[in-house]
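Q: I would like to learn how to read strands, helices and charged pairs in a model of this kind. Could we take the features in turn, with the general idea ahead of each case?

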Amino acid sequence: MIRLNDILDRTLSYNPGANLDVIKRAYVFSAKVHQGQMRLSGEPYLVHPIEVGGILTDLRMDVDSIATGLLHDVVEDAWTELDQIESTFGKEISTLVDGVTKISQISYGTSEKRQAENLRKMIVAMTKDVRVILIKLADRLHNMRTLEYHEEDKRVKISQETRDIYAPLAHRLGINWLRSELDDLSFMHLNSERYYRLAKRIAKSRKEREKYIKEVEGIIKEILTKQGITADVSGRPKNLYSINQKMEKYDLDFDQVYDIIAFRVIVGSIRDCYQALGTIHSHWKPIPQRIKDYIAMPKANGYQSLHTTVIGPYGERVEIQIRTEQMHSVAEGGIAAHWKYKEGKVIQEKSDWEFAWLRQLLEWQQEVPDATEFLNTVKLDLFPNEVFVFTPRGDVKEFPKGATPVDFAYSIHTDIGNRCAGAKITGRIVSLKAELKNGDIVEIITSPTQKPNKDWLRFVKTSKAKAKIRQWTAREQRERKSALGRELLEKDFRKHGLNFSRLTRSGEMEKVARECNYKEAEALIAAVGSGILPSSQIIKRLVREEGLKPGEVPVLPKAIRKTASQSPTAISIMGVDDIMVRFGKCCNPLPGDSVMGFITRGRGVTVHKADCPWALESDQERRLEVQWDPRAQSLRPAKIKVVCIDRPGMLAQITQSIASVDVNIKKAKAQTTMDKKAINIFELDVRDIAHLRNVIKSVEKVGGVISVERLSG
């Protein structure tokens, strides 16, 4: 266990002028308020804030951040008032503690909408002071290290949240060592059988691997020394999660994953980086597709390095990363590596790459009104796979793989994107759907009559382009629906002797809007134009027919009502249980999935998974909040894909493992591949997502199974 003196010594090692008194006082304060509290592990609660403080010194954080790490739970878990923190430690530490406390109170395991809104709050806190999220990442890392003391359901929930939100944030902020550990710890709890099986396979070859690492390190040092290059060379196995990802992505068995070791070469200058690359390539044959220059074109999080994969000793693939000491500092510490110290005070150097993403997030959260859409916008940006292209003036722009000229246009300016009519790549006219490739020179052709097309959402890749296109189409749809609704209402009102304009001016329409659960009259009118709300419902409320009470008029059209004789579905909608419900075949949701509903004219409500691409691209005004009805006990269809070694008896073992968890197989399809694998598709009847997880866990235990995944359609 780390001690206070360790924290103080580490702090002085990188910040000799640090005011250690602040850290000491924070330690004493935390020890006092947490006295008598215990963790689930049986240790004193104080162990946790001390460990968090230690992790913050690994990130080389400033004194105020370390003090906040020691104090981060005193408000939530020790009932301390923020005023007391401010009077004792000052406004800055009080603000940091408040920010971390608010993030800690966020719960992601609820509805998709709640999760989205909470993520929005976290992003806003982060953009105000990025130290808040760095302290929270340190807190989350120690909690993940001690997660085994929780019940399984909570372990799975916290691990999924870590994989979905915190590990990608650590990656986006450039803190690679922290992201790798979070990924591995999440993997261990979400798929423990596969994690330990993989760990066991790696442990078996440990001695051979260590011998191989020393041999390759020696060769690299020798050939670089001959060229007059001084280098620090080290080799390490890749983390288990990344090895597993590669196995699943390419359907590989462990024995087929060759480059599980990565070597790092740290040299004195950028010139030495390129010279070292040439020297290594002259000694070992490089694999052309695996050479990447992140020095000339850094990643969005500031990462710089040369990457190459060569055919090394004994024909093994060897991955090598070459960088300077400064680049290594950024690669390991990311945004945290840019805290500089002078006279005991921390200075935040706001270089373009560090804060551009955070500023862009703040801009998006202000522009995108729908929280779920914002969540998907951010998730898109948390998982980048970069392509680098040039403007006609030679400026470099970075995009995710598969990005198009429309993405490029919106990256220049919203108006350029909205008026994008065509594009030239290296002087040649191309389709707006054309995928950008490394080194392309892109020029956008605009037209004053051009407007964004909803179909663009099917091929654009960047979150900014998607947000801007949805913003435009939503506004256009609202205007069109409002115009149609106004026309329908004026026509129907005249038949009943009502004056639409007078009722709108008098505020009567506003009252009806509130009765029908709409914020304003304009939204009510648009609902009529979209077919969600029949004009007769509004007329009834205005005329007040005998015996009719405001709350009794249904908002949804009668055409989508079910008859009482039909059996209930597993979905409840806005408190109503007699709506015709269908499930989207594109994503096939299961009880336990986050879901959303869409009104389908004449066919009731169609339920999709909240992250279904079709649902995200559909008219948001037809969206309804839906939830699974815990009373329903019906079975739902589900599909899984099982990749395994092709050998006699495998299919029988897999089907037996499925049957062992009380699941009926409706249909099975199997085919073999050239590399002696079998791909099996099973259609099953399951109760909910937890039931399906049990199936997947059961199948993964079968020897010879390489991967198991759920299929959407």
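Q: Is Asp 183 buried or exposed?
A: This is a predicted model, and in it Asp 183 has a relative accessible area of 9%, which makes Asp 183 buried because the cut-off for that class is under 20%.

Q: With which residue does the side chain of Asp 183 meet in a salt bridge?
A: Side chains of opposite charge can pair when their charged atoms come close. Here the side chain of Asp 183 meets that of Arg 179, with 3.8 Å from N to O. The two residues are four apart in helix α11, and therefore separated by about one helical turn; Arg 179, at 22% relative accessibility, counts as partly exposed.

Q: Which residue forms a salt bridge with Glu 181?
A: Glu 181 pairs with Arg 145, and the closest N and O atoms are 2.7 Å apart. Because Glu 181 lies in helix α11 (residues 176-190) and Arg 145 in helix α9 (residues 131-145), the pair ties together parts that are 36 residues apart in sequence. Glu 181 is partly exposed at 23%, and Arg 145 is partly exposed at 32%.

Q: What is the strand order in the open sheet of four strands?
A: Strands of a sheet pair through backbone hydrogen bonds, either parallel or antiparallel. In this sheet the order is β21-β22-β20-β23, and the pairing is antiparallel. Since β21 (664-672) and β23 (705-711) stand at the edges with a single partner strand each, one side of each is left without a neighbour in the sheet. Neighbouring strands are turned by 20° against each other on average, direction ignored.

Q: How many bridges join β20 to β22?
A: There are 10 bridges between β20 (residues 636-645) and β22 (residues 677-686), which run antiparallel, and Lys 641 stands opposite Ile 681 in β22. Helix α28 (residues 689-700) lies across β20, β22 and β23, and runs at about 165° to β23.

Q: Which residue forms a salt bridge with Asp 685?
A: The partner is Lys 666, with the closest N and O atoms 3.9 Å apart. As Asp 685 lies in strand β22 and Lys 666 in strand β21, the pair ties together parts that are 19 residues apart in sequence. Asp 685 is buried, with a relative accessible area of 16%, whereas Lys 666 is partly exposed at 48%.

Note on methods
Residues numbered from 1 in each chain as written. Predicted model: local features only at pLDDT ≥ 70, side-chain atom pairs only at ≥ 80, totals over all residues. Heavy atoms only, no water. Pairing = 2+ DSSP bridges. Axes fitted to C-alpha atoms, helices over the stretch in contact; angles between N-to-C directions. Contact = heavy atoms within 4.5 Å. Salt bridge = Lys/Arg side-chain N within 4 Å of Asp/Glu carboxyl O. Buried < 20%, exposed > 50% of the residue type's maximum accessible area, 1.4 Å probe, protein only.
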